[in-house]
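Here is a short note for a colleague who is meeting this structure for the first time. Please read the numbered points with the sequence and the model side by side.

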Amino acid sequence: MEEPAEIDVRSALTVLIRESRSALRRDWSRRFGILCCLLIAGFVIFGILDRSGAFLQKVERSYTVGIWQDGEKIGETAVTISGERSIWGRSYVGRFAIDAVEKTCRERMQAMIRWEKKSNCANITFAEPGFFGAQAGIEHFLYCDRKLNWFALSLEDGRIIASDQGWAQLQALRPDEYPVYMN
């Protein structure tokens, strides 16, 4: 009876190791391919949901706010907010009608608000069909929370429209912008 040669056992082990490495490589490339397909499908689903408005929240507000000039309240005006805000709270698009500013009350006038990162400082731009950045008589910088419960903005004639005196005083400090962080 002849004993198997040591070289035959070594070559058999080498072949087995080579085959297992090859199978492992095929397994990892298959997993990587599946992961890439899942990522692409996720991006497509996210895009479809984003285009359908799944990441937008309706905002419907109507309230009375003060008109301030030189630190004194000189009157009140009604504000109607009706539009959609992104769920991440970075932007709002819709109606922002201030009765004291006639141009903002036009039927097709739209407001776009973009908040700065991590603060309640924002920029507002008005647009009508065919006129982006329509002159509405309102300065672009404003303070407002991301749910649009309170705000303060300046008119070009120097008056301030604000939900309370504290925000009106802060808005009066323009052109200095103070980041306001709220819980």
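1. A polar contact is a pair of N or O atoms within 3.5 Å. With that in mind, and remembering that this is a predicted model, one may look at Thr-77, whose side chain reaches the backbone nitrogen of Ala-100 at 3.0 Å. Thr-77 lies in strand S2, which covers residues 72-86, and with a relative accessibility of 5% Thr-77 counts as buried.

2. Three salt bridges are found when the whole structure is searched. In one of them Lys-73 pairs with Glu-76, with the closest N and O atoms 3.1 Å apart; Lys-73 is partly exposed at 44%, whereas Glu-76 counts as exposed at 55% relative accessibility.

3. A salt bridge also joins Arg-106 to Glu-128, the closest N and O atoms being 3.1 Å apart. Arg-106 lies in the loop between strand S3 (91-98) and strand S4 (110-115), and Glu-128 lies in strand S5 (residues 121-128), so the pair ties together parts that are 22 residues apart in sequence.

4. The side chains of Asp-157 and Arg-159 meet in a salt bridge as well, at 2.9 Å from N to O. Asp-157 counts as partly exposed at 48% relative accessibility, and Arg-159 counts as partly exposed at 22%.

5. A nonpolar surface patch is made of Val-9, Leu-13, Leu-16 and Ile-17, which together have about 370 Å² of accessible area. Val-9 is placed in helix H1 and counts as partly exposed at 43% relative accessibility.

Technical notes: Residues are numbered from 1 along each chain as its sequence is written. This is a predicted model: local features need pLDDT of at least 70, side-chain atom pairs count only at pLDDT 80 or more; totals for chains, interfaces and linings use all residues. Side-chain values use heavy atoms; hydrogens and water are left out. Helices (H or I, at least four residues) and strands (E, at least two) are DSSP runs, numbered from the N terminus. Buried means under 20% relative accessible area, exposed over 50%, partly exposed in between (1.4 Å probe, protein chains only). A polar contact is a pair of N or O atoms within 3.5 Å; within protein, one must be able to donate a hydrogen and the other to accept it, and residues adjacent in sequence count only if both atoms are side-chain atoms. Patches are made of residues with over 30% relative accessible area and no salt bridge: like charges are joined within 9 Å, nonpolar side chains (Val, Leu, Ile, Met, Phe, Trp, Tyr) within 5 Å. Accessible areas come from the Shrake-Rupley method with a 1.4 Å probe; for residues, only the protein chains shown count as cover. A salt bridge is a side-chain nitrogen of Lys or Arg within 4 Å of a carboxyl oxygen of Asp or Glu.
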